[in-house]
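Subject: Handover of a structure and notes on it

Dear colleague,

Please find below the structure that I am handing over to you. My notes on it follow, arranged by topic.

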Amino acid sequence: MGMILCNGTDQERLCKQFSRMYEEFLEGLASPPTNVEAFPLMETQFLMDTLRRTQIYKNSGLKINVTKDEAGFAASGLKRGANIFEIVHLTGVNVNRAKNMSADYYLLEDSQEQKGLLQYVPQLEEEVMIKYLIRQIVLRVYVQVDSPYLLEVRNALGKLETPSTKNYTHILIFETQVRTPPMGTLSALSPEQYLKWYRPGRWHLVDVDGAMKGNPIVYEGERAETLYNFVTE
């Protein structure tokens, strides 16, 4: 299941955590637009974009509700819960996008992509570059969540504005800045080998159903200079 997650991580517990975070995300959408505390731990750009969108709904006289459709979910044949279906290790970068350089400053080494490893090599002096590659590592997981909870958007007259088709399956992306071992542990090891010594940190919700188009870990040009620069934890 992945170089880091295979080393002592209880994946069943982790999937339960991801399910809870998704439901907390829905509750946050239904709360007042400025209530940041209602949301789970989210990547900064995704959080700010979500708050902006919910404010637009409010200004347009729309209300977001969360409903639980147990009967419809049971009829769908789905089983409530989360499933990790892809794991990617990203080296040289930070979960906080504002701490990363513009995409122009990296070379992407993807020769081990099939093994779940992408290395963002910063164009810096060799000593600094190696520090980035070893100390700046993000673990990204793609998760399918099946849930009976549905989002409804209604206008001021109570009329439903969302499609009548019910979707119980959602694709989420989570990331964590992994905790690194002592530098001496990593000497003379390849990336595939030394990743086994790392441990996940706190998990951030990064994207839901493509709202952020995958929320790239590094942004291009001027967009990289306008990122929100604060930590959501």
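In which loop does Lys213 lie? The model is a predicted one, and in it Lys213 belongs to the loop between strand E8 (203–208) and helix H6 (221–224). Asn215 is found in the loop between E8 and H6 as well. Both residues have a positive phi without being glycine: the value is near 55° for Lys213 and about 50° for Asn215. Are these residues buried or exposed? Lys213 counts as exposed because its relative accessibility is 80%, whereas Asn215 is buried, with a relative accessible area of 0%.

Six strands form an open sheet in the order E3-E4-E2-E5-E7-E8, and the pairing is mixed. Strand E3 (106–109) and E8 stand at the edges; each has a single partner strand, so one side of each lacks a neighbour in the sheet. From one strand to the next, the twist averages 25°. Within the sheet, strand E2 (residues 81–91) and strand E5 (residues 137–146) run antiparallel and are joined by 10 bridges. Ile87 stands opposite Val141 in E5.

Two helices deserve a description here. Helix H1 (residues 11–30) lies across E2, E5, strand E7 (169–177) and E8, and runs at about 60° to E8. Helix H2 (residues 44–59) has 16 residues and spans 23 Å from its first C-alpha to its last, close to the 22 Å expected at 1.5 Å a residue. At the start of H2, a side-chain oxygen of Glu43 comes to within 3.0 Å of the backbone nitrogen of Gln45. Just after H2, Gly61 has a positive phi of about 80°.

Which elements do the buried residues of H2 pack against? They pack against H1, strand E1 (63–68) and E8. Among the buried residues of H2 are Phe46, Leu47, Thr50, Leu51 and Thr54. As background, residues three or four places apart in an α-helix point the same way, because the helix has 3.6 residues a turn.

The nonpolar cores come next. The largest contains 32 residues, and those with the most contacts inside it are Phe18, Phe25, Ile84, Val141, Val143, Phe174 and Leu205. At least two residues of this core are supplied by each of H1, H2, E2, E5, E7 and E8. H1 provides the largest share, 8 residues. A second, separate core has 14 residues, including Val93, Val95, Ile173 and Val218. Setting aside residues up to four places away in sequence, Phe174 touches a set of residues that includes Phe18, Met21, Val141, Val143, Trp203 and Leu205.

Why does Asp69 count as buried? Its relative accessibility is 15%, and the cut-off for a buried residue is under 20%.

With kind regards

Notes:
Residues are numbered from 1 along each chain as its sequence is written. This is a predicted model: local features need pLDDT of at least 70, side-chain atom pairs count only at pLDDT 80 or more; totals for chains, interfaces and linings use all residues. Side-chain values use heavy atoms; hydrogens and water are left out. Helices (H or I, at least four residues) and strands (E, at least two) are DSSP runs, numbered from the N terminus. Buried means under 20% relative accessible area, exposed over 50%, partly exposed in between (1.4 Å probe, protein chains only). Two strands pair if DSSP finds at least two bridges between them. Axes are lines fitted to C-alpha atoms, for helices over the stretch in contact, and angles run from 0 to 180 degrees between N-to-C directions. Contact means heavy atoms within 4.5 Å. The expected span of a helix is 1.5 Å times one less than its number of residues. A polar contact is a pair of N or O atoms within 3.5 Å; within protein, one must be able to donate a hydrogen and the other to accept it, and residues adjacent in sequence count only if both atoms are side-chain atoms. A nonpolar core is a set of buried Ala, Val, Leu, Ile, Met, Phe, Trp, Tyr and Cys residues joined through side-chain atoms within 4.5 Å.
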